[in-house]
Amino acid sequence: MVLIAVFGVALLIAVLLSGLAARTVLSTSFLFLAGGALVSDGFLGLIHITPDSGIVSVTADLALFAVLFTDGMHVSFPKLRANWKSPARALGLGMPLAFAGMALITHYLVGLDWTTSFLVGAVLAPTDPVFASAIVSRREVPAKLRQLLNVESGINDGLALPVVLIFIAAAGPTSGHAEADLGKISLELVTGLALGIVLPLAVVALVRFRLLGAEPKLQPLLPLAVGVILYATCHLTHANPYLAAFSAGAVLAARSTEAKEAFEPLGEALAELAKFAALLVFGALLTPHLFGQLSFGGYVAAVLAIVLIRPASLLLSLYGTRFDRKEKLVAAWFGPKGFASVVYGLLVLQAGIPQGEEAYTLIAVCIAFSIIAHSSTDVPIARLFDVEELAGVDAASPNTVPAGERAADKAAVR
């Protein structure tokens, strides 16, 4: 109950400060992360959570499922077909470069063996636009830049997962049975993808029966029901829930525009709640003891992961594209580590890998640094595009945009 009370207080504070956060470097995401750390054993001692606590894995699992489900519903296949080249380069070239670069600095700066180093690289390869929400949600930011970051972050979670599972199998105590583990992982992924496609298609087909159909006020609950059934089915059948969540959201949005539009406000609210809860729990794990376990080389690696590995890999992948210099730099900077990395890091910790604790400590510190760095810089950087757009409008026709409308645009809440 103490944890629920803490979450309620943090949620109230976040809502009351959200207007301020939309205009400054203050971040609601950081509030939950800091709040969790404040009430943990390392400081006030109000809640007692360890990495192997059930609430940690359950909260992170639910949050990632909710985020991927809503991310999938934002995928527009017509737009993706028309603008697939840049996201494909970011995923096909930028992501492997970031994966390999992180593995190199982990091995040489932290001293982990090669298998565990590549595992850390795979865990930290996915990105999350949640901590750069002012970039991906503001209309003054160029659409092609927002689409690149959204598509990249929506898909790279699923791409990284099989790599993470394979390296866990290779590094773990059952590494001698790698072939059997690979077959099991492949079955889980294929089953998850199949469930994520078949279930929403079946539900959409049911809705189109003449005698069936949702009352308008209950329409938002239709996708929610699909998500709940899918989540439970995946865990009962050991199918991969994350690949299922993203594919189900994308299929449902593509086959039923009405369901997508009806669910969007509810889905965004539920995803926000799940993300805030996961951040609070994750923050509670960030104790002084955890930070004290990381070596100096580990801190250097965490900083390089944010300021060098991600930017360099994405800049190389976008070389020769139609993005201008500022757009490339913004896309390169905003590669925050988020919920996928949290969940995959917990998988590493719970797998019994010989160097699993050292790997998890590096992963956790890197995620914490990323949340602070990216969630506190998205508003100032988004404003660069805002100023540029308004300057262009003023030069063309000073009276085109009413002042009140401009103020409303600037007050977009992340």
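Me: Which hand does the crossing of H3 and H10 have?
Reply: The crossing of H3 and H10 is right-handed. That label applies when the near helix is turned clockwise from the far one by less than a right angle; anticlockwise is left-handed. This is a predicted model: local features need pLDDT of at least 70, side-chain atom pairs need 80 or more, and totals for chains, interfaces and linings use all residues. Residues are numbered from 1 along each chain as its sequence is written, and side-chain values use heavy atoms, without hydrogens or water.

Me: At what angle do H3 and H10 pack, and how far apart are their axes?
Reply: About 130°, with the axes 11 Å apart. H3 covers residues 54–73 and H10 covers residues 221–237. Helices here are DSSP runs (H or I, at least four residues; strands are E, at least two), numbered from the N terminus. Axes are lines fitted to C-alpha atoms over the stretch in contact, and angles run from 0 to 180 degrees between N-to-C directions.

Me: What do we call the arrangement of H3 and H10?
Reply: H3 and H10 are oblique to each other. Under 35 degrees is roughly parallel, over 145 roughly antiparallel, 65 to 115 roughly perpendicular, and the rest oblique.

Me: Which residues meet there?
Reply: From H3, Asp61, Leu62, Phe65 and Phe69. From H10, Pro223, Gly227, Leu230, Tyr231 and His235. Contact means heavy atoms within 4.5 Å. By class, the H3 and H10 contact has 6 nonpolar, 2 polar and 1 charged residues. Nonpolar is Ala, Val, Leu, Ile, Met, Phe, Trp, Tyr, Cys and Pro; charged is Asp, Glu, Lys and Arg; the others, Gly among them, are polar.

Me: Staying on H3, is Val58 buried or partly exposed?
Reply: Val58, in helix H3, is partly exposed at 45% relative accessibility. Buried is under 20% relative accessible area, exposed is over 50%, and partly exposed is in between (1.4 Å probe, protein chains only).

Me: Switching to H2 and H12. How do their axes cross?
Reply: At roughly 40°, coming within 6 Å. H2 is residues 28–38 and H12 is residues 257–285. The pair is oblique, and the crossing is right-handed.

Me: What residues make that contact?
Reply: H2 gives Thr28, Ser29, Phe32, Leu33, Gly35, Gly36 and Ala37. H12 gives Phe276, Leu279, Leu280, Phe282, Gly283 and Ala284. The H2 and H12 contact divides into 8 nonpolar, 5 polar and no charged residues.

Me: Which residues touch the most others in the largest nonpolar core?
Reply: Phe32, Ile49, Leu64, Val120, Phe282 and Tyr344, out of 90 residues. A nonpolar core is a set of buried Ala, Val, Leu, Ile, Met, Phe, Trp, Tyr and Cys residues joined through side-chain atoms within 4.5 Å. A second, separate core has 15 residues, including Ala90, Val141, Ala331 and Phe334.

Me: What does Ser313 contact?
Reply: Gly94, Leu97 and Ala98, leaving aside neighbours within four places in sequence. Ser313 sits in helix H14 (residues 296–317) and is buried, at 5% relative accessible area.

Me: How many helices and strands in the chain?
Reply: 19 helices and 0 strands. Of the 414 residues, 50% count as buried.
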